Amino acid sequence: MLDTIYYDNSLKDWIISLSIIIVAFIVCKIMAFLNSRLVKKIADTRNYPYEGLCLKSVEHPILLGVILFAVWFALKRLNMDGNMHTLISSSFHILTILNATWFVARLITSLVEEGIILSRYREDSKMFDAKLLPLIKRCLNVIVWLIGTVMAMNNAGVKVSTLLGTLGIGGIAFALAAQDTIKNIFGGITIFIDRTFKIGDTINVNGIEGTVEDIGIRSTRIRAYDKRIIIIPNYKLTDALITNISREHARRVVTTLGLTYDTDYSKMQYALELLKKIPETIRNVHRRDLYATFSEFGDSALIITFIYFIKKTADIRETVSAVNFEILRTFNEAGLNFAFPTHTVFLENNREQSVK
């Protein structure tokens, strides 16, 4: 019975080939179990978290490689015509290259996420920042998959150089159509190299202020104070006026106050003294670089310009509110009156005299 021929192969050969595939699946299950239990436990015991992470990330490509090899070996040993063997071999080579590309991409991703590749740079310089790793990861993945795809096409019999030459005119048209995308990619690279800002920084871009949540290849996402997500193309960021608020040593606040014109000389001096004492009651206000000046005579008020700096670690809005409350309290207690826009109109009463 086992010698019965089915499709140019005995039943015994079919059973052996099927058994090879089944055994491969069983081996993969055992490998997955060992990786999830024993290897992870050994890595944790020896305090090698990177090894456990790397093995976990490349587990699926390795298991797929075992399955591919088993299927190829099981089919290769069967009697088939030359075209079928050629098709099986070509398919196996292409799938193997793609699987190897997947393996390399996941390995690089795991290494970048843990910062192994960049650790020596962090120790010696500040060239790289861990919060820019998502952009690095995406760029490396694109490069790896491009190389893998080209190699797979080459093994499939496609001459890449000829294909690129054929698509030359179309490539020019595509490049013109995709010039904004290309500018965005180079903009993302510029942001990474110049370290203008990083994920988690609070920035102001042409009046738009918020926290950077993601730096992508094409665009950057900013979470505004009203919780909305603002997406800005990277090429616009390279030309924009950007203020990195997170890097400032202190937040500068300029407040303009107007007192009524009945404020005399001594009261105006007292008002300036009260403003200079603000750091004594508001702890997050710097004592240095504090300015309170009688700046100008306004249309309806005597103008005082008050400039102070808030510590970086403080809540900016809460501190500004506390300072304003303190100004309001002390000025009211001192009898200093805030001005509001007023106009005084003088009417001249002309009496007509009759000439006799």
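**View 1. The whole chain, for orientation.** Two strands count as paired if DSSP finds at least two bridges between them. What you're looking at is a predicted model, where local features need pLDDT of at least 70, side-chain atom pairs count only at pLDDT 80 or more, and totals for chains, interfaces and linings use all residues. Numbering starts from 1 along each chain as its sequence is written, and side-chain values use heavy atoms, with hydrogens and water left out. The chain has 13 helices and 10 strands (DSSP runs numbered from the N terminus: H or I of at least four residues for helices, E of at least two for strands). Of its 356 residues, 31% count as buried (under 20% relative accessible area, with exposed over 50% and partly exposed in between; 1.4 Å probe, protein chains only). Take the contacts (heavy atoms within 4.5 Å) with a separation of 6 or more: 63% of them come from residues 24 or more positions apart. The chain exposes about 23,800 Å² (Shrake-Rupley, 1.4 Å probe), and carbon and sulfur atoms supply 61% of that area.

**View 2. Zooming in on Ser-17 in helix α1.** Helix α1 covers residues 11-45, and Ser-17 has its place there.

**View 3. The open sheet β8-β10-β9.** Three strands line up in this order, with antiparallel pairing. The edges belong to β8 (250-259) and β9 (291-297), each of which pairs on one side only. From one strand to the next, the twist averages 25 degrees (lines fitted to C-alpha atoms, for helices over the stretch in contact; angles run from 0 to 180 degrees between N-to-C directions). Helix α13 (residues 316-333) packs on this sheet and touches β8 and β10. The direction of α13 makes about 140 degrees with that of β10.

**View 4. Up close with the β8 and β10 pair.** How many bridges join β8 to β10? There are 10 of them, and the two strands run antiparallel, with β10 spanning residues 302-311.
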